[in-house]
Each structure stands twice: as C-alpha cells, then as structure tokens.
Amino acid sequence: MAISQTDKRTLPVPRHIAIIMDGNGRWAKKRGLPRTAGHAAGAEAFRRIANYCRTLGVEYLTVYAFSTENWKRSAEEVSGIMKLLGKYLEEALRDMEKNHVRFKFFGDLTRLEPKLRKLCMDAESRSAGYRGVQVNFCLNYGGRDELVRAAQAFARDVAEGKYSAEDLSEELLSGYLYSAGVPDPELIIRPSGELRTSNFLLWQSAYSEYVFMDVLWPDFGPEELDEAIAQYHRRNRRFGGV
Ligand code: IPE
Ligand code: IPE
Ligand code: MG
C-alpha cells in the first residue's frame, strides 16, 4: 500500500534512510542475463531512489553497495561492479550541478583501483557544498571493520596522550566511525527477501526500524520506498521506554 498524498504531507519522512541494495544477481538470473546486467539495473534503481529521496526531503540516504565480504565473488563479477561504479560516478560528477547530491563514502577506499578511488574523492570534494540529500555510499564497507578501525584510531590517540581509556564514551566512539556527525538511520530497508543485516551499520542500527521486502533491488522504485516508509510510520518506537 502506497502512502496517500495526505499522509505524505502530514507525516514526517525519516531524516535518515539506509538501504541494503540486494538482489541484483537473482534479478539477472530470472531473466537469463549475466549477474553484471543485474548490477547495471541496480545502479539505475539507486539513481531513481536517490532522486526520490531528494524530492521527499530525506536528509541522509545510506546505501550498501559493496561489502568487505563481497571480494569473495569471482574476479569477473567484482571488476564488473567496479566498472559500473566508475561509470556511475563519472556521470554523477557530470550531472552534479543538476542533482545537488552530496556524496560521502563509508568504507576503506584504499583497496580500490586508484582511478576509482580518485573518482570517489572528487565526488566527495566537489559535492561538499550541496544541501540536497547526503548519500553515504558504502563501498568496501563492513560494520565490524568500521568498529575495528575506530578502536585502532582511538588506541592511537590514547598512545599519543590525547585521551585516556576511560574517556571513551558512546559519543566519542561514534566520532571515530565513518558515520561521524550523521544521525543514526531511523529506517533500514532490505529488499530481496533476505532477513539479515550482512554486516551493515552494526553500531548505528541499535534502534533502527527494519523493513524487509520481497522485491529485488533492481525492481525497487518510489512505490516500494513509500511502502517502507508507511510501515515505518506504523511502528511504535520505544527506545527501551514504555
Ligand atoms: C547486491 O546484489 C549487490 C552486491 C552485493 C554487490 P547481489 O549481487 O548480492 O544479488 P543476489 O543477492 O545474488 O541476488
Ligand atoms: C549485502 O548483500 C551487501 C550488499 C548489498 C552490498 P550480500 O548479497 O553480500 O549479502 P549476503 O551474502 O546475502 O548475506
Ligand atoms: Mg545478495
């Protein structure tokens, strides 16, 4: 059920929506196409949803594009995904003036090809002033990896005398994550029918509402996002209270 126009005007949209963009491979398989064709269709779905989030006034959209575990896939699939990302970013850089999307990358970019890494860094720096919607693009991202890196960075600061171990608080630790300064997502959506987080936003999701949907990511559009937001509005968030 899509949100009615009235609901859309009266109910506040979540400030921060996160999506596990899953199901590209199955989408391609169903059509007898190579998995890469599914990833290309997934990139189009992302474009649609980023634009729709901007229209809705969502402030942050965090998308899981490639996990620290996705390197286990065939070299062919990985290089196909990386090529598509490069192509997408080149287009995003070209259309930047039109779309006003602010890009941030969550993940260890040092493992990427230098050319792709540069595209990521250019997209981040050239879009820094935009106020449309902030897209946090999770690329070579893992929630556990993010926490390990935060612990290492804090340990270095302790060794340098900047902090003592007891100074560490939830707030201070949050500042060492890729998501520093970004509010936690109210809503996390996983299409494709899988019922797990697959190492996504482990820390930030403590009180997020999860919506799992049966649709495959390349088929995900504004109607599906409306439906997920409608489900979110029906939840009763208690944060441990009554
Ligand atoms: C998500 O789609 C994209 C990435 C993980 C890179 P999948 O490729 O995981 O698609 P399925 O789950 O095999 O259908
Ligand atoms: C999660 O999907 C990662 C991304 C969508 C980028 P996977 O397809 O990698 O997750 P699993 O393997 O089904 O848990
Ligand atoms: Mg998958």
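Analyst: Buried means under 20% relative accessible area, exposed means over 50%, and partly exposed is in between (1.4 Å probe, protein chains only). Keep in mind that this is a predicted model: local features need pLDDT of at least 70, side-chain atom pairs count only at pLDDT 80 or more, and totals for chains, interfaces and linings use all residues. Residues are numbered from 1 along each chain as its sequence is written, chains are lettered from A and ligands numbered from 1 in the order in which they are written, and side-chain values use heavy atoms, with hydrogens and water left out.

User: Okay, where is Thr62 found?

Analyst: Thr62 sits in strand β2, residues 60-67. Strands (E, at least two residues) and helices (H or I, at least four) are DSSP runs, numbered from the N terminus.

User: And which side chain does the Thr62 side chain make a polar contact with?

Analyst: That of Asn136, at 2.9 Å. A polar contact is a pair of N or O atoms within 3.5 Å; within protein, one must be able to donate a hydrogen and the other to accept it, and residues adjacent in sequence count only if both atoms are side-chain atoms. Leaving out residues up to four places away in sequence, Thr62 also touches others, including His16, Phe106 and Cys138. Contact here means heavy atoms within 4.5 Å.

User: New topic: how many disulfides does the count come to?

Analyst: The count comes to 0 disulfides, a disulfide being a pair of cysteine sulfur atoms within 2.5 Å. For Cys53, the nearest cysteine sulfur is that of Cys138, 14 Å away. For Cys120, the nearest one is again that of Cys138, 12 Å away.

User: Is Cys120 buried or exposed?

Analyst: Cys120 is buried, since its relative accessible area is 1%. Cys53 is buried as well, at 0%.

User: What about helix α3, what should its 22 residues span?

Analyst: At 1.5 Å a residue, α3 (residues 35-56) should span 32 Å, and its end C-alpha atoms are 31 Å apart, so that agrees. The expected span is 1.5 Å times one less than the number of residues. Among the buried residues of α3 are Gly38, Phe46 and Tyr52. Just after the helix, Gly57 takes a positive phi of about 90°.

User: Now the ligands. Which residues come nearest to ligand 1?

Analyst: Of the 13 residues around ligand 1, those are Asp22, Gly25, Arg26, Arg35 and Arg73. A residue is near a molecule or strand if one of its heavy atoms lies within 4 Å of it. A polar side-chain atom of Arg73 lies 2.6 Å from an oxygen atom of ligand 1. Taken alone, ligand 1 exposes 380 Å², and the protein buries 87% of that. Accessible areas come from the Shrake-Rupley method with a 1.4 Å probe; for residues, only the protein chains shown count as cover.

User: What surrounds ligand 2?

Analyst: Its surroundings include Tyr64, Asn70, Arg196 and Ser198. An oxygen atom of ligand 2 is 2.6 Å from an N or O atom in the side chain of Ser198. On its own ligand 2 exposes 390 Å², of which the protein buries 78%.
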